[in-house]
Amino acid sequence: MSEAMQKAVSAVQERFGAVVQVFKDETTLVVSADHIEDMMKTLRDEFAFTFLIDVTAVDYMPAEPRFNVIYHLYAMEKKDLLCVRVPVSSVRPQVPTVEKVFPGAAWFEREVWDMFGIRFEGHHDLRRIVMPADWEGHPLRKDYPLGYEEVQFTFNFDEIAGRKPSPKE
Amino acid sequence: MADFREVTVEELRHLVSDRAMSGETMLLNMGPQHPSTHGVLRLLLELDGEIVVNCIPDIGFLHTGVEKTIESKTYAQSEVMTDRLDYLHPLGNNLVYCLAVEKLADLDVPARAQAVRVILAELTRLSSHLIWIGTSSLDLAAMSTFLYAMREREMIMDIMEMCSGSRMMTTYIRPGGLWRDTPVEFESAVRKFIDLMPKRIDEYETLLTRNPLFLDRTRGIGVISKEECIQWGISGPVIRGSGLAYDLRKARPYSGYEQYDFDVPTQTSGDIYGRYLVRVEEMRQSVRIIRQALDKLPFGPVRSSNRKYVPPPRSEIGTSMEALIHHFKLWTEGYPVPKGSVYTAVESPRGEMGVFMESDGGPKPFRCHYRSPSFANLQIMPLLTRGHFVADVVGIIGSIDIVLGDADR
């Protein structure tokens, strides 16, 4: 961990009660959802983590808190990469949006909503992004089954064709 | 049978101006079936006459659920799907995936494999930029560049086929090295190509760089500042065209890029023309990197000797019991990767392509997320197009060089 990173990490630890994990020289901060927006602002303004690379999530079902929302930040001058994790419970999964700090987070957060069903409070445009607007369920959750297509043979071709979803007349 | 619901304009009300609701401005769909949107991108344009007031990109028509499918396959099987994401840069997709697995598993990669990876990654970058220079100038009505660019791309495709047996979906880079060593003709074929390429790049430039029609369509259009790029998480030639030399090959080198001497071209104009100049210069730099890598291409193995992850050579299986067991385990169960999560990134022709991979200690990835540059770069479409003509939207899409397979995953 570089000196600048050490400084940022200890400051954030003190102010927001973040927990630090280091794995394969990647530093991860675990912080509660209440502090995420303030912490991002602090990291951006005081510690030059100006570039938000990515927002994604992981589903740890059946563990509780079930989800982790993961942010990757980058400091251009110091070339430091920082990972931030926010644990989210399975009951009304919700995290405050960081799009006011990093406008680029908007689409990434839409993707996390689409794929995991985690709501981002205060997001200006929280619609599905890659799945159709009327899709039910959130595909990347661990309890969402992996779909498959039934194989059609001559004897049951029409039967299966009738079950397949298609646009209505 | 599922009911299909239509999305009404009411749902997009917060994104368009009030004038659209009263009918003063017009809402127009561009795409998804439109040749200049480079795939299946749908843009909802709000138009005042011919001026774009607002632009709402709609993606997801090429969503294939690769991230979900990866979770149900072993590490070796999943890699095959990564080719299909950014289909103009398949080797880079493999490379970033392998870097993530190698980082999780502490797998070593022999020097020769690293150098071949660099050569092939740069060749893929060239082929992607050739497609870009062809199609984006085709959008601006310069037909001949496209034909020339495809001619050179064919040579790269032949080299890919020579190495991996496949033109595009190669899966040639594997965790721990390469699938197999390069064939004997590889070096001479690549040399022939890089000797030819600089002249050909000059040829493209004579067609475009000082062409007044091209200049009219590209200068001062789709301007974005350096600060905005950072805010919106833009990377690749777009951010370099705005004046920031952010290139992962220099910023966080991987696969031995630190050994090679090359420049990161930048332009300060931030418009379509700036991004054009950056990409053309990048092609020259790629040739330079390939030449250096080829000159000091070391001999030796191309696969790690760690048998827990890398299958043994065929010759060993007949003589060694151990090798037979390893081979059987690797191809049936797959290899377990230590628990943890990592983020690795490579510089794709479009920007920062990253993989966030989490392992739970089993033989299948617990979560594999692709941070794709096209997805992030598409977000700035409203900023770039506002106040320009509809015809310029076409040029702007071409200049940020999106691949929808990459954006939708």
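B:Tyr343 stands across from B:Phe356, which sits in strand 7 of chain B. This is a predicted model, where local features need pLDDT of at least 70 and side-chain atom pairs count only at pLDDT 80 or more, while totals for chains, interfaces and linings use all residues. Residues are numbered from 1 along each chain as its sequence is written, and chains are lettered from A and ligands numbered from 1 in the order in which they are written.

Strand 6 of chain B and strand 7 run antiparallel, joined by 9 bridges. Strands here are DSSP E runs of at least two residues, helices are H or I runs of at least four, both numbered from the N terminus; strands pair if DSSP finds at least two bridges between them. The open, antiparallel sheet in chain B has 3 strands in the order 6-7-8.

| Edge strand (chain B) | Residues |
|---|---|
| strand 6 | 340-348 |
| strand 8 | 367-371 |

Now for helix 2 of chain A, residues 36-47. Its 12 residues should span 16 Å at 1.5 Å a residue, and the end C-alpha atoms are 15 Å apart, which agrees; the expected span is 1.5 Å times one less than the number of residues. A:Ile36, A:Met39, A:Met40, A:Leu43 and A:Phe47 are buried in this helix, whereas A:Asp45 and A:Glu46, on the other side, are exposed. Buried means 20 or more other C-beta atoms within 10 Å of the residue's own, exposed 12 or fewer, and partly exposed in between, with C-beta atoms placed from the backbone. After helix 2 of chain A comes A:Ala48, with a positive phi near 60°.
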